[in-house]
Amino acid sequence: MGVIDVDARKPCEMGAGASPVRPVEAVTNIQRAPVAPHLYDCVKLMFVRDGSAILTGAFDGRAVRAGEVIVLSAETLCGYEPEGPVTMTSIFVDRDYAIDQLFWQYADLLSDRWEARDFADELYTKPAQILRLGERQLQRLTPWLDELVALSSEGSLPERFHRMQALLFAVLDVVTPHMATTPIRQSRVQRNAIRRRFAPVRAEARTVARLLREEPARRWRLADLAAVVHLSTAQMSRIFTKAYGQTPISYLATVRVEALTRLLRETDLPVGKIMRQVGWNSRGHASAKFRQIVGITPSQYRRQNREPRRAAA
């Protein structure tokens, strides 16, 4: 079992110039001195492996002991005062990665990742929880926790990503049934959401998708696309949406955003010029669509993803 100093830098603390942040990292430490309350911009799970401690911050004096798990939402303050040596394994999960997994978990209810963010806030209304698994159940998790720690200490190895992800999911499969959640009532939009099924894509839908990808800057109208595949506008839209889970117009926006991200990474062209180049004349509309799909503004994306920075990493 790898043991690391509790003050070692965690993935959520890394700033500009640091190594790329991985979506999942784990660390085990043995602590004897008090740990001041900290908060992280990620989800954190703290498994008490041995010993006991008094929590500070969000829990205000609650005691934890071996067999318990502390679950913290992003930006939740927590510290602890050990009662003798206490051994903990902490798993850090990137917030965007966690939201992405929640989206796929509830894909039948959610239309996009932005809705998944709101859904997470409604589902997990308690930002800090203490779960009593018991020492016997924790022993079941011990090999997975130790392997996660070992893989984290090896550095960023893309070929081991799926193993780390599998270990995380195995741990969460045991932990999440113990978490308190709030019952969610489906909205009318969610009840009427598109239900995609794996099925062969009709030739008409493929043709429309190819046209949109080949000429994203063109001012496409639904009637123009329908005429190419010899269908009514309603038929074409229905067939396309069933195949791709998006309307043709939403699909076109996604294609434009993909082109925009590439140009932001690979060129020094002004943002406004790039937006016009991919088919958007309104910078405000383009920025809103970009933020909806990517999660940040085009300028923020360019700063974070320039090719020279990636090449030097």
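Trainee: In what order do the five strands of the open sheet stand, and what is the sense of their pairing?

Mentor: The order is 1-8-3-6-9, and the pairing is antiparallel. Strand 1 and strand 9 (128–132) are the edge strands, since each pairs on one side only. From one strand to the next, the twist averages 20°. Please note that this is a predicted model, in which local features need pLDDT of at least 70 and side-chain atom pairs count only at pLDDT 80 or more, while totals for chains, interfaces and linings use all residues. Residues are numbered from 1 along each chain as its sequence is written, and side-chain values use heavy atoms, with hydrogens and water left out.

Trainee: How do you know that strand 3 and strand 6 pair?

Mentor: Strands are DSSP runs of E, at least two residues long, and helices are runs of H or I, at least four long, both numbered from the N terminus. Two strands pair if DSSP finds at least two bridges between them. Strand 3 and strand 6 have four bridges, and therefore they meet this definition.

Trainee: Which strands does helix 3 lie across, and at what angle to strand 3 does it run?

Mentor: Helix 3 lies across strand 1, strand 3 and strand 8, and runs at about 120° to strand 3. Helix 4 also packs on the sheet, touching strand 1, strand 3, strand 8 and strand 9, with its direction at about 70° to that of strand 3. Such angles run from 0 to 180 degrees between N-to-C directions, the axes being lines fitted to C-alpha atoms, for helices over the stretch in contact.

Trainee: What makes a set of residues a nonpolar core, and how many residues has the largest one?

Mentor: The members must be buried Ala, Val, Leu, Ile, Met, Phe, Trp, Tyr or Cys residues joined through side-chain atoms within 4.5 Å. The largest core has 24 residues, and L141 is one of those with the most contacts inside it. Not counting residues up to four places away in sequence, L141 touches F47, L133, V171, V174 and V175; contact means heavy atoms within 4.5 Å.

How values were computed
Buried < 20%, exposed > 50% of the residue type's maximum accessible area, 1.4 Å probe, protein only.
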